[in-house]
Amino acid sequence: MSGSGPSAAGRSGAEYRIEDLAHASGATVRTIRAYQDRGLLPTPERRGRANVYRDTHLSRLGQIADLLDRGYTLASIKELLEAWDTGRGLGGVLGLVAEVHGPWTDERADRITRDELNVKFGGTHDEQAVAEAVDLGVLERIPGRQDEFLVPSPQELAVAVELYAAGVPLSAISGHLRELRGQVEQIASRFLEFTTEHVFARYLGHRPPTDADAAEAASMVRRLRPLAQQTVDAELARAMRTFATRHLEHHLGAEEPFAPGPASPRPVPVALPAATIAAVNSLVGPEHASAFVTAATEREVQARTLDTLASSHLNAAQVDQIG
């Protein structure tokens with residue numbers, strides 16, 4: 001950095017050669033030049049044969065790095081920065097970005113050693129299970145620490161420990177998590193579509209949004225963030241009670257196999273006249289009476305459905321003739 005040299009005297013702010021700027025920002029000289037060519041960085045001051053950069057360039061490099069870390073492309077970053085440079089403001093947009101990329105849970109990540117992990121899962125040393133957990137993101141490897149892992153969600157790991165203790169194989173736990181994650185991602189996607197359509201569409205009229213709209217949208221994200229989890233928690237509790245009750249009833253005496261899915265209405269008994277029952281018994285025998293009545297009922301329902309369809313078609317034809 002050349003801010004301490006004579007050329008900096010009387011000037012406000014530090015001055016950097018490109019090598020100094022690269023060192024201060026953590027970017028490479030090649031990256032800085034590429035950003036310049038793309039118009040992401042303001043043109044530096046030309047002084048003799050050298051380019052002179054200032055704190056504004058260092059700050060801009062920090063903003064670009066932050067947005068890249070959050071998944072934005074260079075093209076979208078350029079749009080945001082151009083909006084800021086034309087006076088539309090970027091504070092609200094960056095606030096919205098921070099709000100969306102911030103934590104969506106109060107849970108704090110933890111660390112666990114390999115020995116502790118082995119103890120939690122019965123003392124077994126299962127490299128395949130660890131690799132599967134890393135692939136799923138249940139565990140994250142720590143660079144330079146072969147025997148220690150980051151646990152993004154201690155609750156999720158605790159669930160796996162309890163299931164394993166209850167006798168569920170690790171491979172089954174991993175498979176269940178993969179399936180569950182796909183279903184939860186569909187729920188999250190649907191919730192975002194729903195809120196975008198009914199809430200956030202009003203803020204998306206500009207690309208990028210104005211500073212005021214972005215700030216208001218960030219506030220709305222903060223308010224709506226817990227709603228998805230609260231809704232899923234309530235609906236999951238309701239569904240678990242429903243299916244657990246049905247499952248228990250089945251294992252306590254129901255003869256038909258248990259079938260997960262929406263509960264079907266319970267059959268309603270219909271009393272038939274004694275003379276009808278006697279006639280059916282004499283016709284097919286008592287052992288076949290129930291099947292005969294069921295088949296006759298289905299046949300009657302089908303016949304009435306066909307009559308209704310034919311009558312509707314005939315009425316429509318008559319109306320066409322009148323017309």
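Two strands count as paired if DSSP finds at least two bridges between them. Strands here are DSSP runs of E with at least two residues, and helices are runs of H or I with at least four, both numbered from the N terminus. With that in hand, four bridges join strand S4 (residues 110-113) to S6, and the two run antiparallel.

Welcome to a quick tour of this protein. The model is predicted, so local features need pLDDT of at least 70 and side-chain atom pairs count only at pLDDT 80 or more, while totals for chains, interfaces and linings use all residues. Residues are numbered from 1 along each chain as its sequence is written, and side-chain values use heavy atoms, with hydrogens and water left out.

**The whole protein**

- The secondary structure comes to twelve helices and six strands.
- Of the 323 residues, 24% count as buried (under 20% relative accessible area; exposed is over 50%, partly exposed lies in between, with a 1.4 Å probe and protein chains only).
- Among contacts (heavy atoms within 4.5 Å) with a separation of 6 or more, 53% are between residues 24 or more positions apart.
- The accessible surface is about 22600 Å², and carbon and sulfur atoms hold 57% of that area (Shrake-Rupley method with a 1.4 Å probe; for residues, only the protein chains shown count as cover).

**Strands S1, S2 and S3**

- These three strands make an open sheet in the order S1-S3-S2, with antiparallel pairing.
- Strand S1 (15-16) and strand S2 (45-47) are the edge strands, each pairing on one side only.
- Two bridges link S1 to strand S3 (residues 50-54) in the antiparallel sense, and tyrosine 16 stands opposite tyrosine 53 in S3.

**Histidine 57**

- Histidine 57 belongs to helix H3 (residues 55-69).
- Is histidine 57 buried or exposed? It counts as buried because its relative accessibility is 5%.
- A polar atom of the histidine 57 side chain lies 3.0 Å from the backbone oxygen of proline 42.
- Not counting residues up to four places away in sequence, histidine 57 touches Leu21, Leu41, Pro42, Thr43 and Pro44.

- Strand S5 (residues 140-142) runs antiparallel to S6, joined by three bridges.
- S5 and S6 form a hairpin with two residues between them, and glycine 144 in the turn has a positive phi of about 80 degrees.
- Phenylalanine 149 in S6 has isoleucine 112 opposite, and arginine 141 also stands opposite phenylalanine 149.
- Glutamate 148 sits in strand S6 (residues 145-151) and counts as buried because its relative accessibility is 12%.
- The glutamate 148 side chain makes a polar contact with the side chain of arginine 145 at 2.8 Å (a pair of N or O atoms within 3.5 Å; within protein, one must be able to donate a hydrogen and the other to accept it, and residues adjacent in sequence count only if both atoms are side-chain atoms).
- Leaving aside neighbours within four places in sequence, glutamate 148 is in contact with Arg111, Ile112, Thr113 and Ile142.

**A nonpolar surface patch**

- Ile187, Val232, Leu236 and Met240 form a nonpolar patch on the surface, with about 360 Å² of accessible area together.
- Patch residues have over 30% relative accessible area and no salt bridge; like charges are joined within 9 Å, and nonpolar side chains (Val, Leu, Ile, Met, Phe, Trp, Tyr) within 5 Å.
- A salt bridge is a side-chain nitrogen of Lys or Arg within 4 Å of a carboxyl oxygen of Asp or Glu.
- Helix H10 (residues 211-251) gives the most to the patch, with three residues.
- Leucine 236 lies in helix H10 and counts as partly exposed because its relative accessible area is 48%.
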